[in-house]
Amino acid sequence: MTDVEGLLVGHAQRLGEGWLSGTTVVLAPPGGVVAGVDVRGGGPGTRETDALEPGTLVDRIHAVVLSGGSAFGLAAADGVTGWLAEHDRGHPVGPLPHQVVPVVPAAVLFDLGRGGRWTARPDAALGREAARAAAAGGEPAEGNVGAGAGAVAGGLKGGVGTTSTRLPSGITVAALVAVNPSGEVVDPGTGALWAEPHRVPPAEVHAAALRAVEEARRETDRLTPNTLAPPMNTTLAVVATDAALDPARARRMAMVAHDGLARAIRPVHLLGDGDTVFGLATGTRRLPEEEPARSAETNAVLAAGADVLCRAVVRGVLAAESVRTPGGVFLSHRELYGAREPGDGGKAPAGEG
């Protein structure tokens, strides 16, 4: 995500003592970025997404918050809003520098009780901590961090993944995702990730993994006999580019990026998922002025958004680590199938998605 110049990412999480949850912040440059959003899941928890509709007063946002904690976790956005206001970053509503209102869309995923304590969920203080971490800069961590701390991907431990690509035009497109679907990321018949059907593990390894996952589920049921059913989850993502997109095209980028989730997760967008994708555009790289070149380059950006989001899901699953808490046993892909890298270092060569 930070390969898109001007964007910063910060995580804050709480692990242990009943906690398994966290918050991730994508921080915009001081002037904000153009944004859009597309919600496909049946059980979303969101904040300020209506402000991203084309034609509304505000045409730029100042941060995006992805958080665990279900609806309670929306409180994390209060901390981010407060941090931004303290640094005079927001939509101007008066003549003085501090007279601003930060615009901070947010979305939450369901991870309640996975650490063992139902009331251990992100709040404003955790959101502020994640905002400070973003402002400090650096490469964003992946796996059991931020909004991915308590994430579970079907039968496996989920996590945060991020990746990017550079198009032949020089435009960068990137994605960050907290992988927490009720659907599966692994083909139960072969053990291959849905997004990587050509990488099939040995049959005996997959058979052992299936047994281990079933044992983990039984242990989780024993630890939490009142577990909600059907499962409640949600995958959250941010797709960003340095291309000069308007709000309508930023929304279109978020819409097309959902195809990346569909390639990597089956089934996706269920009633218990609040799957939400934000699209951000910093606008530092202009698109061609004339048609049809302008539409062709825009389409390349949209397609790349789906591609990088698909690959970010893979990275989030491969980076996740197993967790055993009083709230359940959540086994990682690396424990079941062996540790490995996604193979692209987080970036694709120019022109590849």
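## Two glutamates with positive phi

In this predicted model, the loop that runs between β4 (46-47) and β5 (63-67) contains E48. Although E48 is not a glycine, its phi is positive, at about 60°. How accessible is E48? Its relative accessibility is 33%, and E48 therefore counts as partly exposed, since that class lies between the limits of under 20% for buried and over 50% for exposed.

E17 sits in the loop between β1 (8-16) and β2 (19-27), and with a relative accessible area of 77% E17 is exposed.

Is H62 buried or exposed? H62 has a relative accessible area of 5%, so this histidine is buried. When neighbours within four places in sequence are left aside, the residues in contact with H62 are L27, A28, P30, G32, L84, G90, H91, V101, P102 and V103.

## The packing of α1 against α2

Helix α1 (residues 76-86) packs with helix α2 (residues 124-135) at an angle of about 50°, and their axes are 6 Å apart. The two helices are therefore oblique to each other, and the crossing that α1 and α2 form is right-handed.

On the α1 side, the contact is made by A76, D78, G79, V80, G82, W83 and E86, while α2 contributes A124, G127, R128, A131, R132 and A135. Sorted by class, the contact of α1 with α2 has 6 nonpolar, 3 polar and 4 charged residues.

A151 has a relative accessible area of 0%, so A151 is buried. Not counting residues up to four places away in sequence, A151 touches R114, K157, G158, G159, V179 and N180. As for its distance from R121, which lies 30 residues away along the chain, the C-alpha atoms of A151 and R121 are separated by 13 Å.

In soluble globular proteins, nonpolar side chains tend to be buried together. In this model the largest nonpolar core has 45 residues, and of these V185 and L309 touch the most other members. At least two residues of this core are supplied by each of β12 (172-178), α3 (203-223), β13 (236-243), α4 (247-264), β14 (276-285), α5 (293-319) and α6 (333-337). Which of these elements gives the largest share? The largest share comes from α5, with 11 residues.

The contacts of L309 can be listed by residue: with residues up to four places away in sequence not counted, L309 touches A175, V177, A237, V239, A257, L261 and V277. Another core, of 28 residues, lies apart from the largest one, and V37, L52, V160 and L236 are among its members.

## The packing of α4 against α5

The crossing in which α4 passes α5 is right-handed.

Which residues of α4 and α5 meet? From α4 come R249, R252, M253, V256, A257, D259, G260, L261, R263 and A264, and these meet T298, V301, L302, G305, A306, D307, L309, C310 and V313 in α5. By class, this contact of α4 with α5 has 11 nonpolar, 3 polar and 5 charged residues. Residues A257 and L261 of α4 and L309 of α5 take part in this contact, and L309 touches both A257 and L261.

## Two cis peptide bonds

The loops on either side of β14 are the last topic of this report. In the loop between α4 and β14 lies P267, and the peptide bond that leads from R266 to P267 is cis, with omega near -15°. The loop between β14 and α5 holds P292, where the peptide bond from E291 to P292 is cis as well, with omega near 5°.

Notes. Residues numbered from 1 in each chain as written. Predicted model: local features only at pLDDT ≥ 70, side-chain atom pairs only at ≥ 80, totals over all residues. Heavy atoms only, no water. Axes fitted to C-alpha atoms, helices over the stretch in contact; angles between N-to-C directions. Helix = DSSP H or I, 4+ residues; strand = E, 2+ residues; numbered from the N terminus. Parallel < 35°, antiparallel > 145°, perpendicular 65-115°, else oblique. Left-handed = near helix turned anticlockwise from the far one by under 90°. Contact = heavy atoms within 4.5 Å. Nonpolar A, V, L, I, M, F, W, Y, C, P; charged D, E, K, R; others polar. Core = buried A, V, L, I, M, F, W, Y, C linked by side-chain atoms within 4.5 Å. Buried < 20%, exposed > 50% of the residue type's maximum accessible area, 1.4 Å probe, protein only.
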